[in-house]
Amino acid sequence: MVQFPLAPKVIQANWKGGTVMRRIVLLAIACVLLIGLSLSGCDSTPTGDPVVTFPDPNLEAAIRETLNKPSESIYASELADLASLSAADRGIENLSGLQYCTNLTWLDLGFNQIGDVSPLANLTNLTYLVLEFNLKIGEISPLANLTSLEALDLDSNQVVDWWWGPTRL
């Protein structure tokens, strides 16, 4: 008879010829191992992939709709996968968090309340950018790195840093 010092007497007694008992014990051990392995993979933050927070709840709502992610954490890798975002007329004031959308090519932020466009500064894949009717955008120098832009709409803003001088578009 095989002796297991920590096993209950029932298992020890039936182990010798008990094929059924042996299978039950092995199945129980396998279940415990599988549950342990699956729980260890449920880390809330994947290694090297930060959770992104959005100070502007309206921008966050637009991102969540686009990602079809109503409540879970939003990771930088998910934002990097976005190619387009339509967030027009949402009352957005703060663009913080969009800097993680590094593969955006199309972005519509028209008819919001945006003043600072600096979070867009390194979105170098953008080809289409709409910022019309924000009325608060005055400085666009952060957009200087967006060399892939084919279309830029700044209509009805307070842009003052065009090379030819102050103007209202």
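## A look around a predicted protein chain

Let's start in a loop: Ser-73 sits between α3 (57-67) and α4 (76-80). Helices here are DSSP runs of H or I with at least four residues, strands are runs of E with at least two, and both are numbered from the N terminus. Mind that this is a predicted model, where local features need pLDDT of at least 70 and side-chain atom pairs count only at pLDDT 80 or more, while totals for chains, interfaces and linings use all residues. Residues are numbered from 1 along each chain as its sequence is written, and side-chain values use heavy atoms, with hydrogens and water left out.

Back to Ser-73. Setting aside neighbours within four places in sequence, Ser-73 is in contact (heavy atoms within 4.5 Å) with Val-51 and Glu-78. Val-51 is 22 residues away along the chain, yet the C-alpha atoms of Ser-73 and Val-51 are separated by 6.3 Å.

### The whole chain

How many helices and strands does the protein chain have? The count is four helices and four strands, and from the N terminus they run α-α-α-α-β-β-β-β. Of the 169 residues, 34% are buried. Buried means under 20% relative accessible area, exposed means over 50%, and partly exposed is in between (1.4 Å probe, protein chains only). Take the contacts between residues at least 6 apart in sequence: 24% of them join residues at least 24 apart.

The chain averages a pLDDT of 81, and 67% of the residues score at least 70. Residues 36-44 have a pLDDT below 50, and beyond near neighbours in sequence that stretch has one contact in the model. Residues 164-169 are also below 50, with 14 contacts in the model beyond near neighbours. Where pLDDT is low, the predicted coordinates should not be read in detail.

### Inside

A nonpolar core is a set of buried Ala, Val, Leu, Ile, Met, Phe, Trp, Tyr and Cys residues joined through side-chain atoms within 4.5 Å. The largest one here has 31 residues, and those touching the most other members are Ile-63, Leu-98, Leu-107, Leu-109, Leu-120 and Leu-131. The elements giving two or more residues to this core are α3 and α4, and α3 gives the most, with three.

The chain exposes about 10000 Å², with carbon and sulfur atoms supplying 58% of it; areas come from the Shrake-Rupley method with a 1.4 Å probe, and for residues only the protein chains shown count as cover.

Phe-133 lies in the loop between β3 (128-130) and β4 (151-153), and Leu-135 lies in the loop between β3 and β4. Leu-135 has a positive phi of about 65° although it isn't a glycine. Ser-156, in the segment after β4, has a positive phi of about 60° and isn't a glycine either.

Here are some accessibilities:

| Residue | Relative accessible area | Class |
|---|---|---|
| Ser-73 | 34% | partly exposed |
| Phe-133 | 33% | partly exposed |
| Leu-135 | 43% | partly exposed |
| Ser-156 | 12% | buried |

Definitions and conventions:
pLDDT is the predictor's confidence in each residue, from 0 to 100.
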